[in-house]
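Me: I would like to learn how to read the features of a structure, one at a time. Please give the general idea, then the case at hand.

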Amino acid sequence: MALAAIFVFLIVSALQLVDRYLDLAKKRGSQSDEQIKLRLEIKQLLKEANQLSTPSTFAQAAKLKRLAVAKEKELTKIQEQDTKGNQSLYDKYGKILLVTKVLIYALLVLWFWSTPVTTVPQHLLQPFGKMFSLRGVDSATGHVVVGILPWLFLTSRVSKLLCQKFSFVLLRP
């Protein structure tokens with residue numbers, strides 16, 4: 001019975017981890033080599049323009065600044081195109097993940113519907129014991145019997161919290 005609870009928790013945690021990774025990848029986006037190259041060129045042009053601060057080199061500095069502005073517009077256009085393409089890709093993956101979650105949750109509910117997932121000592125669930133119990137209290141051990149629906153709710157909340165707290169692990173390149 002304890003293995004079933006751990007098994008369900010690991011499956012739900014894996015689904016939450018994939019969901020969180022997809023959200024972080026969607027927010028962070030990707031940078032192509034072209035975008036990185038353009039950013040470096042813009043920085044270099046602005047640096048050169050700032051170095052030319054004398055009145056005799058004003059025209060050359062203005063030309064460099066205009067060139068940097070043109071490259072920034074080009075970079076913005078490239079980023080918008082990448083965002084549109086990646087957004088639809090992330091939406092597609094998000095829908096696939098949602099369907100997968102629903103199917104796995106439904107399969108787990110069907111599998112554990114008539115059997116308890118785990119038993120927990122009654123004092124650990126003191127104010128919420130009735131809410132988590134499947135059939136009340138196990139008469140042999142005096143422990144609260146936890147069903148699949150409350151266990152799925154509890155494990156999904158806990159795994160989502162853990163994924164949020166440890167999202168820095170997912171941010172590594």
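Me: What should I know before I start?

Reply: This is a predicted model, in which local features need pLDDT of at least 70, side-chain atom pairs count only at pLDDT 80 or more, and totals for chains, interfaces and linings use all residues. Residues are numbered from 1 along each chain as its sequence is written, and side-chain values use heavy atoms, with hydrogens and water left out.

Me: Which residues touch the most other members of the largest nonpolar core?

Reply: A nonpolar core is a set of buried Ala, Val, Leu, Ile, Met, Phe, Trp, Tyr and Cys residues joined through side-chain atoms within 4.5 Å. Buried means under 20% relative accessible area, exposed over 50%, and partly exposed in between (1.4 Å probe, protein chains only). Here the largest core has 15 residues, and Val8, Leu108, Phe112, Val117, Ile148, Trp151 and Leu152 touch the most other members.

Me: Which elements give two or more residues to this core?

Reply: Helices (H or I, at least four residues) and strands (E, at least two) are DSSP runs, numbered from the N terminus. The elements in question are helix H1 (2-28), helix H3 (58-112), strand E3 (143-146) and helix H5 (148-165). H1 gives the most, with four residues.

Me: What does phenylalanine 112 touch, not counting residues up to four places away in sequence?

Reply: Contact means heavy atoms within 4.5 Å. On that count, phenylalanine 112 touches Ala4, Val8, Val117 and Ile148.

Me: How do I read the length and the sides of a helix?

Reply: For length, the expected span is 1.5 Å times one less than the number of residues. H5 has 18 residues and reaches 25 Å from its first C-alpha to its last, close to the expected 26 Å. For sides, look at the buried residues, which in H5 are Ile148, Trp151, Leu152, Thr155, Ser156, Ser159 and Cys163. They cover an arc (of the directions from the helix axis to the C-beta atoms) of only 130°, which puts them on the same side of H5. The face turned away from that side carries the exposed residues Phe153 and Lys165.

Me: What are the buried residues of H2?

Reply: They are Gln35, Leu38, Ile42, Leu45 and Ala49. Their arc around the axis is only 90°, which puts them on the same side of H2. On the other side, Asp33, Lys37, Leu40, Lys43, Lys47 and Gln51 are exposed. As for length, the 19 residues of H2 (residues 33-51) should span 27 Å, and the end C-alpha atoms are 27 Å apart, which agrees.

Me: How many aromatic pairs does the structure hold?

Reply: Rings of Phe, Tyr and Trp (its six-membered ring) pair if their centres lie within 6.5 Å; planes under 30 degrees apart count as stacked, over 60 as edge-to-face and the rest as tilted. The structure holds two such pairs. The rings of phenylalanine 7 and tryptophan 111 have centres 5.6 Å apart and planes at 80°, so this pair is edge-to-face. It links helix H1 to helix H3, with the two residues 104 apart in the chain. Ring pairs join Phe7, Trp111 and Phe112 into a cluster.

Me: Where does UniProt place the feature "transmembrane region"?

Reply: UniProt positions are given in the numbering used here, feature names are shortened, and annotations may be inferred rather than shown by experiment. The unreviewed UniProt entry places this feature at residues 93-113 and 134-154. Over residues 93-113 the chain is 95% helix and 0% strand.
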